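Colleague: Could you walk me through this one slowly? I am new to reading models.
Modeller: Of course, let us look at it together.

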Amino acid sequence: MAESTHSQQPGPWIAPLARGPLRGDVALPGSKSLTNRELVLAALADGPSTIRLPLHSRDSALMVAALRQLGVGIDEVVPADGVAPNPYGPDLRITPAPMHGDVAVDCGLAGTVMRFLPPLAALATGPVTVDGDPYARKRPMGAIIRALADLGVDVTDDGDGAMPFSFTGTGAVRGGRLEIDASASSQFVSGLLLSAARFDEGLHLTHVGDRLPSLPHIDMTVAALRARGVRVDQPSIGEWVVHPGPIAARDVVIEPDLSNAAPFAAAALVAGGTVRIRTWPTDTTQVGADLETLLPLWGATVTRDGDDLVFDGGVGVAGGASLPGVTLDLTRGGELAPALVALSALADGPSEITGIGHLRGHETDRLAALAADVNRSGGSVQELDDGLRITPAPLHGGGWAAYDDHRMATAGALVGLVVDGVAVDDVGCTAKTLPQFPELWADLVATGPAPDTGTVTVTVTDGRPSDGSVTP
């Protein structure tokens, strides 16, 4: 059973009920995955860099705080006219500096911080302690701890492959050949690759596990390195060679977070209507881009910028006449699973989503958490070794536990579009990657038709009532 640590939070958030077909136009802040990768690379670069349109959230704030502790200069950019181009927060100017230890890094629940920071911090001089939130101590970290030790870093931990752990940096890391098992998270690979050009011998990294989830995230890392002039070779699948050398300073613009687009785009299938996600990049390494091909499996029509005059930018998603069940291997993009499982719980037929066993080691055990929340709401979700089997059943309102997990909270909001009274116990945890989620979601729901002035309102969209029940 998934563990919850949300008892300190205020009262529950009642997910707003859709009144009918949506007509949404959503602008999302920057990608967490890209923001934190670029922060690490900028901190190791050979000169100052500017990150434009970065994400400002708990995960990115933890990364900024950790880098500042190590001595990296990070300043907010104030435009000369005082008008910031990003409504979600200022651009960032990163100035590299010799890094020092004698710090305790707080990773919160951020996988990108706990997996990306230790290899970078090993290049500092002095002791570094790495810790995080209570549940973060259950997230797998053994691959990074063993990798640092194999690279010659003096690491001390409790032998459980988890935080807290500490090490003493000498200002350099040997590098060279290294084997790791990254079956639990692609972030182990990305974390090592990001700093590898600064290792004395670079890094020849080989994955030796049975499977490697979320390969697009590693592709994102490799693309970011190459964009800064780092030579990265890939001799075979699961093998990377990063050559030692400088990491170029550059100004970079962060794309909107396409994984955070998942609940907004899926809303069009649940409530009917159309939702447009603005400024959807035409060429991206983000796994959220897979939504363009995944959502049509549930009957969506996806329209790209230029395909239809209705959409003058970004991607539009329109709900279909039905919401079929699917069979899907989601190995490439497990972070999309909570939204897609919520969608499947509202479908017209059973679904099976596999390739997501590694989600047991995310912010919470997402497989157990999703099964618990949907089943508590009257649904039927069965845990598999590597995924979930979802059999739709009439759902009812009630408590929806977020387990301090932003994607669990947004999955509850998605169900709450057509199930009256879904009470998410901690919507505030969406601040991890999207602090504005409650406001953006309320604005989306408000794009539906005005409420009837009568005493009873029952809206039927594509055969699905929004009167507090869902009948598959």
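Colleague: What does the accessible surface of the chain come to?
Modeller: The accessible surface of the chain is about 16,900 Å², and 51% of that belongs to carbon and sulfur atoms, with areas taken by the Shrake-Rupley method with a 1.4 Å probe. Please keep in mind that this is a predicted model, where local features need pLDDT of at least 70 and side-chain atom pairs count only at pLDDT 80 or more, while totals for chains, interfaces and linings use all residues. Residues are numbered from 1 along each chain as its sequence is written, and side-chain values use heavy atoms, with hydrogens and water left out.

Colleague: How many helices and strands are there?
Modeller: The chain has 12 helices and 25 strands, which are DSSP runs (helices are H or I with at least four residues, strands are E with at least two).

Colleague: And what share of the residues is buried?
Modeller: Of the 472 residues, 60% count as buried, a word that stands for under 20% relative accessible area.

Colleague: Changing topic, where does UniProt put the "binding site" feature?
Modeller: The unreviewed UniProt entry places "binding site" at Lys-32, Gly-111, Arg-139, Gln-187, Arg-366, Arg-407 and Lys-432, although such annotations may be inferred rather than shown by experiment. The lining of the largest cavity includes Lys-32, Gly-111, Arg-139, Gln-187, Arg-366, Arg-407 and Lys-432. A cavity here is a set of points on a 1 Å grid over the protein atoms alone where a 1.4 Å probe fits but cannot get out, and lining residues have an atom within 4 Å of a point.

Colleague: Take Gln-187, then: is it buried or exposed?
Modeller: Gln-187 is buried, because its relative accessible area is 14%, and it lies in helix 5, which covers residues 187-196.

Colleague: What is Gln-187 in contact with?
Modeller: Leaving aside neighbours within four places in sequence, Gln-187 is in contact (heavy atoms within 4.5 Å) with Gly-111, Thr-112, Arg-115 and Phe-116. Its side chain also makes a polar contact of 2.6 Å with the side chain of Arg-115, meaning a pair of N or O atoms within 3.5 Å, one able to donate a hydrogen and the other to accept it.

Colleague: And where is Arg-366?
Modeller: Arg-366 is in helix 10, residues 366-376, and it is buried with a relative accessible area of 1%. Not counting residues up to four places away in sequence, Arg-366 touches several residues, among them Glu-335, Asp-405 and Arg-407, while a polar contact of 2.9 Å joins the side chains of Arg-366 and Glu-363.

Note on methods. 1 Å grid on protein atoms, 1.4 Å probe; cavity = no way out; pocket = protein on both sides within 12 Å on 5 of 7 lines; lining within 4 Å. Buried < 20%, exposed > 50% of the residue type's maximum accessible area, 1.4 Å probe, protein only.
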